[in-house]
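Please read these notes with the structure open beside them. They begin with one residue and then turn to the whole chain.

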Amino acid sequence: MTTLYVKEQGALVRRTGERLLVTKEKEVLEDIPILHVDQVVVMGNVQLTTPAVALLLQKDVDVVFLSSRGRFRGRLVTTGSRFAVLRHAQLRLLNDEVATLAIAKAVVEGKLANQAALLQQQGQSEQPGDAGVLRQGAVLIGRAQQQARRTTDVDTLRGYEGAAGAAYFGALKTLIPQDWGFAKRIYHPPPDPVNALLSLGYTLLLKDMTAAVQLVGLDPYLGFFHVMDYGRPSLTLDLVEPFRPLVDAMVLRVIANNAITRNDFEAEERNGQPGVVLNDAALQRYLKDYEALMNARVLYPGTSSYTPHRRCLELQAREVAQV
């Protein structure tokens with residue numbers, strides 16, 4: 001899958017035949033055949049011409065709109081889902097408490113297993129003291145897993161998932177230099193560089209999982225683990241959970257390799273609260289790292305072939321559709 005990021009402020013995306021041409025004033029920034037594009041991510045003040053929009057819709061290319069700093073705004077859709085039978089079955093399944101709990105447990109099981117695996121992997125290369133903290137974090141997550149398997153309602157399951165998350169990030173922070181200012185996971189707005197990197201990575205992951213869910217034909221708003229609410233893509237949030245440690249590991253790598261430094265962030269106030277965001281140059285590097293992560297191939301469970309991470313998102317959504 002090829003994702004075209006258009007983030008040059010003031011750029012114009014237009015159609016020339018069966019190609020997308022991205023220009024700013026008289027400079028050509030991108031010239032790519034529509035055949036090679038599966039997703040276009042428009043960031044900030046970027047314009048799309050009507051012929052370009054028509055071509056993107058005709059070719060079923062996913063178009064996502066983010067702010068210039070990576071906050072999700074929306075996406076371009078056609079007439080909606082054609083998968084009436086599948087969505088009817090999804091809606092009916094939500095009335096089955098036993099089935100709903102089973103799917104929610106599978107979501108949490110996948111997330112906690114991957115969190116524990118990341119801590120164990122990181123602990124193999126750390127000093128004895130830090131390795132002990134990581135091992136203890138993995139043990140606490142394992143206990144939460146056992147409790148989650150035995151629970152009989154989704155609300156209690158959410159409590160065990162939250163407890164595991166606290167243990168996970170409590171251990172993970174030992175891998176991050178103290179001068180980065182990371183104490184715990186804080187969402188809106190991210191007050192420190194690490195939280196900003198995590199939030200941006202999760203936003204990118206969410207837009208890719210939403211594309212996978214829509215491709216398969218499921219309703220992204222009808223989830224099993226996350227509470228359903230107006231405007232909340234509960235199913236997408238469900239399916240993202242087991243993949244979040246991928247972003248966590250990427251953030252650890254870019255910090256350890258100095259691909260992103262503390263000097264790459266700028267202060268930004270949001271809703272009256274202070275926060276930080278990546279500057280433009282660092283954002284470009286981060287997007288490249290994210291795309292490399294999504295294109296990296298892994299052995300998908302139950303298969304004998306190596307599959308890109310982005311394709312794994314779709315396979316996960318297809319498993320839910322089979323249910």
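1. Glu-291 sits in helix 9, which covers residues 280–295. The model is a predicted one, and that applies to every point below.

2. Is Glu-291 buried or exposed? Its relative accessible area is 12%. Buried means under 20%, so Glu-291 counts as buried.

3. Which residues does Glu-291 touch, leaving aside those up to four places away in sequence? They are Thr-3, Tyr-5, Lys-207 and Arg-310.

4. Among contacts between residues at least 6 apart in sequence, 60% join residues that are at least 24 apart.

5. On overall size, the radius of gyration is 20 Å. A compact globule of 323 residues would have a value near 20 Å, so the protein agrees with that expectation. Along the principal axes, the C-alpha atoms fill a box of roughly 60 × 50 × 45 Å.

6. On burial and surface, 50% of the 323 residues count as buried, and Glu-291 is one of the buried residues. The protein exposes about 16,300 Å². Carbon and sulfur atoms supply 51% of that area.

7. How many charged side chains does the protein have, positive and negative? There are 36 positive and 34 negative ones. The centres of the two sets lie 1 Å apart.

Conventions. Residues numbered from 1 in each chain as written. Predicted model: local features only at pLDDT ≥ 70, side-chain atom pairs only at ≥ 80, totals over all residues. Heavy atoms only, no water. Rg over C-alpha atoms; globule rule 2.2 N^0.38 Å. Buried < 20%, exposed > 50% of the residue type's maximum accessible area, 1.4 Å probe, protein only. Contact = heavy atoms within 4.5 Å. Areas by Shrake-Rupley, 256 points an atom, 1.4 Å probe, with all protein chains shown as cover. Lys, Arg positive; Asp, Glu negative; His and termini not counted. Charge placed at Lys NZ, Arg CZ, Asp CG, Glu CD. Helix = DSSP H or I, 4+ residues; strand = E, 2+ residues; numbered from the N terminus.
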